[in-house]
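This report describes the ligand site and the pockets of one protein model. The sequence and structure come before the details.

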Amino acid sequence: MKIVMLGAPGAGKGTQAKRIAAQYKIPHISTGDIFRANIKNNTELGKKAKAYMDQGLLVPDELTVDLVMDRLAQEDCADGYILDGFPRTIPQAEALDRALSAKGEQLDRAVDVDVPDDSIVNRMSGRRACQGCGATYHIQFNPSQKGEFCQVCGEKLILREDDKPETVQKRLSVYHEQTQPLIDFYAGKGILRTVDGTKEMDQVFEEIRKVLEAE
Ligand code: AMP
């Protein structure tokens, strides 16, 4: 199954994407995670990406598309994958389409996790990320069992630079301008399914499972 997760930053699509990946035993491919790993390892790509990410801007398509295409060419993607945070622009979606068509493949579903802007701002300020392994939490909706420390690796949790309120506003306007058009793009292809992302995490997960398993 080849799935794209759509939704505003902070809609909870990352958390859901990880669960879906585990459920269907397919790789979870998050461009945000790939960029953050590059930043942590101080690579050339990381240095370039950080400048955009810290301002709430998108990393340019030319740095993003090839990276994803290389990842999708790896063996573990043969039976499907879930893309989280990619595509984020129409040119990215078109590049993905072209790459899939060239192999006679297509996406099965695009799942939009729908959450209104005011809830997003409230949610993002409560997000915490692990500096060590990248696990994400929410102080209200999904707290770490170890408080301010990661329940996976024990490292200290932080509020990411790009989750700070002023950056969140910027990321939301970038989302509406550049990413939201993908909803119509995938609706036009008949593969869009929308779930209500304001519900409890488990309920959202069940809704996603239903839309993935329905014909
Ligand atoms: P995320 O963790 O998906 O919210 O991504 C964090 C940041 O990484 C975004 O705000 C962008 O700056 C950058 N990013 C992630 N995925 C993409 C993408 N597909 N295209 C451009 N920038 C991206």
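On a 1 Å grid over the protein atoms alone, a pocket is an open set of points where a 1.4 Å probe fits, with protein on both sides within 12 Å along at least five of seven lines; lining residues have an atom within 4 Å of a point. Grid points are joined across faces, edges and corners, and a volume is the space filled by probe spheres set on the points.

The model is predicted: local features need pLDDT of at least 70, side-chain atom pairs count only at pLDDT 80 or more, and totals for chains, interfaces and linings use all residues. Residues are numbered from 1 along each chain as its sequence is written, and side-chain values use heavy atoms, with hydrogens and water left out.

The second largest pocket has a volume of about 530 Å³. Its lining holds 19 residues, and those nearest its centre are Arg 36, Ile 39, Lys 40, Cys 130 and Arg 160. Helix α2 gives the most to this lining, five residues; α2, α3 (44–53) and β5 (127–130) each supply at least two. Helices (H or I, at least four residues) and strands (E, at least two) are DSSP runs, numbered from the N terminus.

The largest pocket has a volume of about 1000 Å³. Among the 50 residues lining it, Gly 10, Gly 12, Lys 13, Gly 14 and Arg 127 are closest to its centre. Elements that each supply at least two lining residues include α1 (13–24), β2 (28–30) and α7 (165–179).

The ligand takes up the space of the largest pocket; for this, more than half of its atoms must lie within 2 Å of the grid points. Around the ligand are 16 residues, each with a heavy atom within 4 Å of it. Helix α2 (residues 31–40) provides the largest share of this shell, four residues.

| Residue and atom | Ligand atom | Distance |
|---|---|---|
| Thr 31, polar side-chain atom | nitrogen | 2.7 Å |
| Gly 85, backbone N or O atom | nitrogen | 2.8 Å |
| Arg 171, polar side-chain atom | oxygen | 2.6 Å |

Taken alone, the ligand exposes 480 Å², and the protein buries 96% of that; the areas come from the Shrake-Rupley method with a 1.4 Å probe.

Note on methods:
A polar contact is a pair of N or O atoms within 3.5 Å; within protein, one must be able to donate a hydrogen and the other to accept it, and residues adjacent in sequence count only if both atoms are side-chain atoms.
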